[in-house]
Amino acid sequence: MSAREQWSSRTAFVLAAVGATVGIGNIWRFPYLVGEYGGAAFILVYLGCLAVFGLPLMIAEVAIGRRSRLNPVHGFRYLATETSGSPAWLLAGLMGIVATLCILPLYSVVAGWTMAYLVRTASGILVGVTGDGARSIFNALISDPEKLFGWHTLFIVSLTLVAARGVRQGLERAVRVLVPGLFLILLSLLAYSWGGDALQRALDFMLAADFEAVTMAGMLAAMSQAFFTLSLGMGALMIYGSYLPGDASIIRSTASVVLIDTLMAIMAVLAVFPIVFSSGLSVAEGPGLVFQTLPVAFGRMGGGMILGSAFFLLLLFAAWSSGLSLMEPAVAWLVESGVLGRGWAAVVVGLIVWLLGIGVVMSFSAWSFEFTFADEVRTGGLFDVLDILSASILLPLGGLAVALFAGRTLSRKLMAEEIGGGEGLGFWVWYGLIKYVVPVGVVVILLRAVGGI
Ligand code: TRP
């Protein structure tokens, strides 16, 4: 077997990991949460959660990946048996792969909506659209399986082609274009709103620290968002860490990723709010914000066609670079099991996700069904099932597994060696957090997600 590939540099890792972490969560969830839970006060709590839970867990995940230099399934098993832990730890890796396979079809279908909207904004159909109009256009799209099927197929094929080419020729080359592209588009959206009084209003809105709005629910939301936005708990960062060159500093690399992800989330708030405010609209959550509110805003403003296209391109890039990291753990697992070469492994994973995606495509039409989870009625069929299973259950469980493995199963000495810098004060802070604080935090996120608190 040929030597295992690595990123060409630390920067390549940072770009790839930023690509993985900056996703639709930064663009449609974060701005909404900031608005809902008290502006700057929420941001402060969120930054605290990043420092106390997010960064330590990311360090652990990347360190486990690099130490094993394997995919999550083989990696957990190898490290566990090496340190006389139970080989059953491989289940933690397997769970991560199941999670990626659940979340990828969702990403694909949402990326499909995005491509459809990119075409619509660019062609000018949305100019002057009203709120009701935007709503019915969106509903017509999500209940049109034929259109969605085409976009979904295109997205999966493009991910498969990149994954088939391997780490340097595939992933690294893609993120070298996608991530700077993301950043530039965000900057131009910001530049557009700069100077207008809508930006001032967005800033006021964001910086108005309303500490009363940071309720218990707000703090839990900050914690879950810190965890979700960093793409933790599914082996995506573990596999990216397994390609990190041995001499690169894990602390510096992960700290850069967290910093850039946060910066991009804040830039998204400052880009999205002025657009919404300048059209006299208010901020909504999730798909509603992106596919119903924003099209109305773009339709009303001069240059809305260009701005709107830039925005949907931004969302597409974000989904694409995250999609690549979701595909990689399963592909690497097949390759390192020795059953398939990289090309075929990519095709098999692509095919599985494509098939699952068909169920998601039909979730809002022929195959929709209703069920209740954590006291909430969900109507989105398989879309909602996969969403709950991955984001609410498998992700926190995966995070818990990583924290327990790094803090308790593997020896302190081994972790110190891998993270580097010896057992200084910084290391002890990390160790205390990963051993005692992070597990509690992740269990709280899990309980919240299943409606336990
Ligand atoms: N971080 C992504 C976002 O902000 C979502 C996400 C969660 C993700 N886990 C992931 C993306 C794993 C890629 C891989 O939208």
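Reader: Which residues of α17 are buried?

Author: In α17 (residues 412-419), Leu414, Met415, Ala416, Glu418 and Ile419 are buried. Buried is under 20% relative accessible area, exposed is over 50%, and partly exposed is in between (1.4 Å probe, protein chains only).

Reader: And what comes just after α17?

Author: Glycine 420, with a positive phi of about 90°.

Reader: Before I go on, what kind of model is this?

Author: It's a predicted model, where local features need pLDDT of at least 70, side-chain atom pairs count only at pLDDT 80 or more, and totals for chains, interfaces and linings use all residues. Residues are numbered from 1 along each chain as its sequence is written, and side-chain values use heavy atoms, with hydrogens and water left out.

Reader: Ok, the big picture then. How many helices and strands?

Author: The protein has 18 helices and two strands. Its radius of gyration is 21 Å, close to the 22 Å that the globule rule gives for 453 residues, so the protein is as compact as a globular protein of that length. That radius is taken over C-alpha atoms, and the rule is 2.2 Å times the number of residues to the power 0.38.

Reader: What does the C-alpha trace span, and how much of the protein is buried?

Author: The trace spans about 65 × 50 × 45 Å along its principal axes. Of the 453 residues, 57% count as buried. Among contacts between residues at least 6 apart in sequence, 79% join residues at least 24 apart.

Reader: Switching to leucine 232: buried or exposed?

Author: Leucine 232 counts as buried, at 0% relative accessibility. You'll find leucine 232 in the loop between α10 and α11 (236-242).

Reader: What does leucine 232 touch?

Author: Leaving out residues up to four places away in sequence, leucine 232 touches Gly54, Leu57, Met58, Glu61, Phe227, Leu237 and Leu395.

Reader: How about serine 224, where is that?

Author: Serine 224 is in helix α10 (residues 216-229). Serine 224 is buried, with a relative accessible area of 9%.

Reader: Which side chain does the side chain of serine 224 make a polar contact with?

Author: That of arginine 448, at 2.9 Å. A polar contact is a pair of N or O atoms within 3.5 Å; within protein, one must be able to donate a hydrogen and the other to accept it, and residues adjacent in sequence count only if both atoms are side-chain atoms. Not counting residues up to four places away in sequence, serine 224 touches Arg29, Ile445 and Arg448.

Reader: Where do arginine 69 and serine 84 lie?

Author: Arginine 69 is in the loop between α3 and α4 (72-82) and is partly exposed, with a relative accessible area of 22%. Serine 84 lies in the loop between α4 and α5 (90-123) and is exposed, with a relative accessible area of 70%.

Notes: Helix = DSSP H or I, 4+ residues; strand = E, 2+ residues; numbered from the N terminus. Contact = heavy atoms within 4.5 Å.
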